[in-house]
Amino acid sequence: MSFVVLAVFIFIGVIFDVIGIAVATGNEAPFNSMATRRQKGAPQALKLIKNADRVTSYCNDVIGDVTGIVSGTTAALIAARLIDNLSAGNVVLPLIISALATGLTVGGKAIGKTLAFNNNTSILLGVGKVLSFLRINPFSKQDKKEKKT
């Protein structure tokens, strides 16, 4: 079960890193066109791009850092538990587990960044559709304040 928790945190970190890069490299033009045709998810994706500085900071820095810390801690706890269960003072086991967790995180983010650069429009539209389905309207309070002024 601990390995599943570790994999989930690594996956969350990679996904949010991909979203952050897609937002940072996204272009408003296709989403303006999609939004005028009332395509689901396009208005949400457009808002993400218009607030790219905040979105990338949140996705890459906040979520990325938190999941990195949690996955590192989880890897250390898994290693400690295995050492305790095996009654071995082996230093190699924690190194292997930490190296695997780090390798999956760094490798996943590297592959994800390449995908995000090359497919930012489809990734952003997918994120927009998820936000639309969940009825999450990003930055809606900010929009209301801008309309009042």
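Biologist: Is Ser140 buried, exposed or partly exposed?
Modeller: One caution before the answer: this is a predicted model. Buried means under 20% relative accessible area, and exposed means over 50%. Ser140 has a relative accessible area of 23%, so the class is partly exposed.

Biologist: In which helix does Ser140 lie, and how many Å separate its C-alpha from that of Phe11?
Modeller: Ser140 lies in helix H7. Along the chain, Ser140 and Phe11 are 129 residues apart. Their C-alpha atoms are separated by 28 Å.

Biologist: Is Phe11 buried or exposed?
Modeller: Phe11 lies in helix H1, which spans residues 2-25. The cut-off for exposed is over 50%. Phe11 has 55% relative accessibility, so Phe11 counts as exposed.

Biologist: Which residues make the nonpolar surface patch, and what is its area?
Modeller: Phe11 is one of the residues in the patch.

Biologist: What is the volume of the largest pocket?
Modeller: Rolling a probe the size of a water molecule over the atoms shows where empty space is left. For the largest pocket, the volume comes to about 310 Å³.

Biologist: Which residues lie nearest the centre of the largest pocket, and which elements give two or more residues to its lining?
Modeller: The lining of the largest pocket has 13 residues. Nearest the centre are Phe16, Tyr58, Cys59, Val127 and Leu131. The elements that give two or more residues to the lining are H1, helix H4 (52-86) and helix H6 (120-133).

Biologist: How many charged residues are in the lining of the largest pocket?
Modeller: Sort the lining by class. It has 13 nonpolar residues and no polar ones. The charged class has no residues.

Biologist: How many salt bridges does a search of the whole structure find, and which side chains meet in a salt bridge?
Modeller: Side chains of opposite charge can pair when their charged atoms come close. The search of the whole structure finds 1 salt bridge. At 3.9 Å, N to O, the side chains that meet are those of Lys113 and Asp17.

Biologist: How many residues apart are the two partners, Lys113 and Asp17?
Modeller: Lys113 is in helix H5 (residues 92-118), and Asp17 is in helix H1. The pair links distant parts of the chain. The two are 96 residues apart.

Biologist: Why does Asp17 count as buried, and what is the class of Lys113?
Modeller: The cut-off for buried is under 20%. Asp17 is buried because its relative accessible area is 6%. Lys113 is at 33% relative accessibility, so Lys113 counts as partly exposed.

Biologist: Where is Asn51, and how far is its C-alpha from that of Val23?
Modeller: Asn51 lies in the loop between helix H3 (42-50) and H4. Asn51 is buried, with a relative accessible area of 9%. In sequence, Asn51 and Val23 are 28 residues apart. In space, C-alpha to C-alpha, the distance is 8.7 Å.

Biologist: What is phi of Arg38, and what is phi of Arg135?
Modeller: Arg38 is in the loop between helix H2 (28-36) and H3, and counts as exposed at 76% relative accessibility. Arg135 is in the loop between H6 and helix H7 (140-148), and counts as exposed at 78%. Each phi is a positive value in a residue other than glycine. For Arg38 phi is near 55 degrees, and for Arg135 phi is near 60 degrees.

Biologist: What is the relative accessible area of Gly128?
Modeller: Gly128 lies in helix H6. Gly128 and Ile15 are 113 residues apart in sequence and 14 Å apart in space, C-alpha to C-alpha. Gly128 is buried, and its relative accessible area is 0%.

Biologist: Is Leu77 buried or exposed?
Modeller: Leu77 lies in helix H4. With a relative accessible area of 57%, Leu77 is exposed.

Notes
Residues numbered from 1 in each chain as written. Predicted model: local features only at pLDDT ≥ 70, side-chain atom pairs only at ≥ 80, totals over all residues. Heavy atoms only, no water. Patch = residues over 30% accessible without salt bridge, like charges linked within 9 Å, V, L, I, M, F, W, Y side chains within 5 Å. Areas by Shrake-Rupley, 256 points an atom, 1.4 Å probe, with all protein chains shown as cover. Salt bridge = Lys/Arg side-chain N within 4 Å of Asp/Glu carboxyl O. Helix = DSSP H or I, 4+ residues; strand = E, 2+ residues; numbered from the N terminus. Buried < 20%, exposed > 50% of the residue type's maximum accessible area, 1.4 Å probe, protein only. 1 Å grid on protein atoms, 1.4 Å probe; cavity = no way out; pocket = protein on both sides within 12 Å on 5 of 7 lines; lining within 4 Å. Points joined across faces, edges and corners; volume = space filled by probe spheres on them. Nonpolar A, V, L, I, M, F, W, Y, C, P; charged D, E, K, R; others polar.
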